[in-house]
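Here is a friendly walk through one protein model. Please keep the viewer open as you read.

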Amino acid sequence: MKKRKLFLKIDAGLLAFGLIIFCFSLTFSFTGNPLIMLIARGTAQKYIRDNYPEYRLEITDIHYDFKLTEYAVSAQSPESQDTRFGIFITKDGANIAYDTFQTDVEQRGNTLSRLSNEYTKQIETIVSSIPEAQDIFCYFSWATTPDGTPAIPYQDIPLDMPFSMQAIHSMDGSLMIRITCNTLNTSEAAHLIKTIQTLLAAENMEPAYYNFYFEEADSSQNWLSTATYPAKKLQNISEDELELEIREANKEQIEAKGCLAVDNPSSTIENRN
């Protein structure tokens with residue numbers, strides 16, 4: 001009887017130990033092993049010293065990316081907001097997989113992203129002043145080559161460059177504006193586009209290219225989109241002409257819904273005025 005109790009205690013202890021090991025293993029599969037994380041930190045520090053001695057870099061974060069099964073290290077210069085990049089280390093913490101210095105720092109990815117974000121914030125503030133425009137989201141993308149590198153002389157863009165429209169214009173980029181409207185049709189879309197273009201032109205905030213997407217507040221199934229328009233074309237096209245182009249670009253959507261186009265766009269514009 002005593003032996004049986006002893007075996008039961010041993011079995012229970014082994015089961016508890018096994019559960020603890022399983023829990024640690026499960027946790028580490030998502031968060032990484034703390035010991036390996038220390039090794040990865042040391043690997044990253046050595047890599048920085050060997051490859052980027054001209055920069056004063058600090059490790060600001062390290063975590064395990066369970067999707068990539070790699071340790072992700074963030075390196076940042078305390079003297080430069082744009083001198084920051086990621087270093088990715090193999091699961092054992094001992095080897096460098098790759099880093100993002102070239103795209104983030106050398107090709108000015110951080111600088112271009114920061115300037116783009118500042119630009120879209122200002123655009124959203126301007127567009128939100130239009131009563132017909134409800135929820136607004138803007139995204140600005142600079143010109144790139146087929147391999148994804150900036151198609152602009154990024155070497156001429158200094159790190160930590162302050163925001164200016166001259167910088168935005170040099171990026172030759174496209175501004176995508178997504179707007180939710182209470183009521184949506186092709187005439188209303190054309191009117192909003194011309195209103196936005198006029199406002200941005202008055203503030204010298206126009207991009208090189210525009211792209212618009214409209215969605216109805218009560219139904220995400222009702223939407224309209226436009227082709228990519230050079231700013232100069234939008235400056236010269238009339239609302240009537242623009243409405244017809246939007247109608248043609250969304251022909252299938254309009255035929256399916258039957259409620260996104262007006263029969264006489266000119267009369268709608270006249271009534272609005």
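The report below moves from the whole chain to single residues and pairs.

## About the model

This is a predicted model, in which local features need pLDDT of at least 70, side-chain atom pairs count only at pLDDT 80 or more, and totals for chains, interfaces and linings use all residues. Residues are numbered from 1 along each chain as its sequence is written, and side-chain values use heavy atoms, with hydrogens and water left out.

## The chain as a whole

The protein chain has 10 helices and 9 strands; these are DSSP runs numbered from the N terminus, with helices being H or I of at least four residues and strands E of at least two. Of its 273 residues, 38% count as buried (buried means under 20% relative accessible area, exposed over 50%, partly exposed in between, with a 1.4 Å probe and protein chains only).

Contacts (heavy atoms within 4.5 Å) with a separation of 6 or more come 63% from residues 24 or more positions apart. The accessible surface is about 15,700 Å², and carbon and sulfur atoms hold 54% of it (Shrake-Rupley method, 1.4 Å probe; for residues, only the protein chains shown count as cover).

## A buried threonine and a loop glycine

Look for Thr-180 in strand β6 (residues 174–181). Thr-180 is buried, at 13% relative accessible area. Beyond neighbours within four places in sequence, its contacts include Glu-132, Asp-135 and Glu-216.

Gly-148 sits in the loop between β5 (133–141) and α5 (165–170), and is partly exposed at 47%. Its C-alpha atom is 9.4 Å from that of Thr-103, 45 residues away along the chain.

## Salt bridges

Side chains of opposite charge can pair when their charged atoms come close. The structure holds 5 salt bridges, each a side-chain nitrogen of Lys or Arg within 4 Å of a carboxyl oxygen of Asp or Glu.

One of them joins Lys-46 to Asp-50, with the closest N and O atoms 2.7 Å apart. Both residues lie in helix α2, 4 residues apart, about one turn of the helix. Asp-82 pairs with Arg-114, at 2.8 Å between the closest N and O atoms. That pair links distant parts of the chain, with Asp-82 in strand β3 (residues 80–89) and Arg-114 in helix α4 (residues 109–127), 32 residues apart. Asp-82 is buried, because its relative accessible area is 0%.
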